[in-house]
Amino acid sequence: MASTSSWHRLRKRIHLICFLVFVALPFLNVVRADIPRQRFYFFGSELWINEFAIIFFALMFLMFLVVASSVLYGRVYCGYMCPQMIFSEASIAVENWIRRRVTRKFGRHERLGRVIFFAVIGAASIFLAFVFISYFAEPRDLFRQLASLDLHTAAGISGATVTILAFLDFSLVRQKFCTTVCPYGYLQGMLGDGNTLMVQYRDETHACIECKKCVRVCPMGIDIRESPFQIECIHCGDCIDACDEILARVPGLIHYRVGGLDTKRVVVMLVVICYAAALSVAFAMRHAVLVRVSPIRTSLYRVDASGRVFNRFRYSVSNRGRKRSSVILSIQHLAGATLLLEPNPIPVARGETVLGEFEISTPPQSRSDLVSHFTIEAGTVPDQVKDTFAMTFLAPSERQAP
C-alpha cells in the first residue's frame with residue numbers, strides 16, 4: 001500500500017503559489033524598485049531615493065530572512081521556493097509532456113518536439129523577462145516599450161538580455177546552475193549544523209531492497225543514501241515519497257530530520273524579531289510628506305524704501321504618501337515678521353515634489369542684532385504632522401527708523 005503522504009505534491013503546490021507571488025509582486029507594488037522614478041516599494045510603502053537608509057535596511061532584512069531560514073530549515077528554500085528550481089523543473093515537465101504528445105500523434109519525431117518546445121520556452125522566457133524587469137521599472141511603461149519592440153533604451157536592452165538568458169537557462173542549464181554557479185548551496189554548508197532540517201537515510205534494520213527508485217526520482221540525480229550533506233541535495237523530499245511507495249510497510253527509511261531548539265536558533269529568531277520590530281518603527285516614524293527649508297545666501301538681505309529688511313528662503317515639499325496633501329508654513333519667535341508666500345498652504349499631489357522660494361520681512365527698527373534666531377514651522381494637512389526648522393534672519397547691525 002502506497003504512502004498517503006506526498007512531499008512531491010506539496011512541493012508542486014508551493015511552486016505554483018511562489019510562481020503566482022513572483023508574478024503578482026511587481027504589479028501590486030509589494031516589493032519593487034522603480035529605477036527610472038527613483039522609487040522603492042516595500043509592502044505598501046513608497047520609499048524615495050533620499051530614504052536610502054530605510055531601503056538598505058529593508059533589503060538587508062529580506063537577505064537576513066533567507067540566511068535565518070537556512071539556519072533553521074536548511075536547503076528547503078532551494079527545493080520549495082527557489083525560482084531557478086521552479087522554472088527548471090517546469091521546463092523539464094513541459095519538454096516531457098510535449099515529447100509524449102508528439103510521439104503519440106506523429107511517432108518518434110524528435111525534431112518536431114524540439115521545435116515546439118523551443119517555441120513554448122521562447123514565449124515563456126519573454127513573459128518571465130517582462131515580469132522580472134517589472135521589478136525595476138513601471139510595468140505599464142515597460143509593456144508599451146515591449147509592444148513597440150523597443151531595443152534602444154535601457155529597459156528594452158535589459159529585457160532582451162534577460163529573455164536570452166532565461167531561454168538558455170530553461171533549455172540548457174536548468175539544475176546545473178544549482179551545482180556550478182549558485183553560491184547558496186556552498187553558503188548552506190557553513191550555516192547548517194546537526195540541528196538543521198534535512199532529508200536523512202537511516203536503515204538500521206537493513207530493509208533497503210536496492211530498488212534505487214530514490215535515485216531515479218531525484219531531480220538532482222544523487223543517491224541520498226550516500227550522505228544528506230551532498231551539496232547537490234536540495235532536500236525536496238521526492239526520495240521520501242519514492243521509498244515509502246516501495247516500502248510502505250517500513251516507513252521512515254528516508255525521512256525529514258530536525259534537531260531541537262538550541263541557543264543558536266534562539267539567537268537567530270530573536271535577531272529576526274528585533275530587526276523586524278526596528279524596521280516597523282522606522283516605517284511608523286516616517287513622514288509621508290517631506291518638507292525642507294533652507295536660506296538663500298547669495299544675497300544676505302535687502303532693504304526696501306520703507307526700511308523693511310527681507311531675507312529669502314527656498315522650500316522643497318515632496319509627497320511620498322498615497323493621497324493629496326498640503327503644507328502650511330508659519331514663523332515662530334521672530335517679532336513683527338511677515339511671511340511672503342503664495343500659495344500658503346502649498347498643495348502637493350501624490351508623488352509630486354514642489355519647489356519654490358519665499359521671503360520673510362521684519363519692520364524697520366532703530367537698532368537690532370545682525371543675526372536673529374527663529375523657527376519656521378511646517379504643518380502637513382490632513383496628516384497633522386509638524387516639522388520645525390531652526391533658521392537665522394540677517395539684518396544690518398544699524399537700521400534707521402523712517
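Colleague: Which helix gives the largest share of the lining of the largest cavity?
Modeller: The model is predicted, with local features needing pLDDT of at least 70 and side-chain atom pairs pLDDT 80 or more, while totals for chains, interfaces and linings use all residues. Residues are numbered from 1 along each chain as its sequence is written, and side-chain values use heavy atoms, without hydrogens or water. Helices H10 (213-217) and H11 (238-246) are the elements that give two or more residues to this lining (helices are DSSP runs of H or I, at least four residues, numbered from the N terminus). The largest share, three residues, comes from H11.

Colleague: How many charged residues are in the lining of the largest cavity?
Modeller: The lining has 15 residues, and Cys-208, Cys-211, Cys-214, Cys-243 and Leu-253 lie nearest the centre of the cavity. Eleven of the lining residues are nonpolar and none is polar (Asp, Glu, Lys and Arg count as charged). The charged residues number four.

Colleague: What volume does the largest cavity have?
Modeller: The whole structure holds three cavities of 30 Å³ or more (sets of points on a 1 Å grid where a 1.4 Å probe fits but cannot get out). The largest cavity has a volume of about 110 Å³.

Colleague: Which element gives the most to the lining of the largest pocket?
Modeller: The largest pocket has a volume of about 1800 Å³. Its lining counts 45 residues, with Phe-22, Tyr-77, Met-81, Pro-83 and Tyr-135 nearest the centre. By class, the lining has 41 nonpolar, two polar and two charged residues. The element that gives the most, with seven residues, is H2.

Colleague: How are H2 and H12 oriented to each other?
Modeller: Helix H2 (residues 52-73) packs against helix H12 (residues 263-285) with the axes 10 Å apart, at an angle of about 160°. Their relation is therefore roughly antiparallel (over 145 degrees).

Colleague: How many nonpolar residues does the contact of H2 with H12 have?
Modeller: H2 residues including Phe-57, Phe-61, Phe-64 and Leu-65 meet H12 residues, among them Lys-264, Arg-265, Val-268 and Tyr-275 (contact means heavy atoms within 4.5 Å). The contact has two charged residues and no polar ones. The nonpolar residues number 19.

Colleague: How are H1 and H4 oriented to each other?
Modeller: The axes of helix H1 (residues 7-28) and helix H4 (residues 83-106) come within 10 Å, crossing at roughly 115°. Arg-11, Lys-12, His-15, Cys-18, Phe-19 and Phe-22 of H1 make the contact with Ile-86, Phe-87 and Glu-89 of H4. The two helices are therefore, at 65 to 115 degrees, roughly perpendicular.

Key. Axes fitted to C-alpha atoms, helices over the stretch in contact; angles between N-to-C directions. Parallel < 35°, antiparallel > 145°, perpendicular 65-115°, else oblique. 1 Å grid on protein atoms, 1.4 Å probe; cavity = no way out; pocket = protein on both sides within 12 Å on 5 of 7 lines; lining within 4 Å. Points joined across faces, edges and corners; volume = space filled by probe spheres on them.
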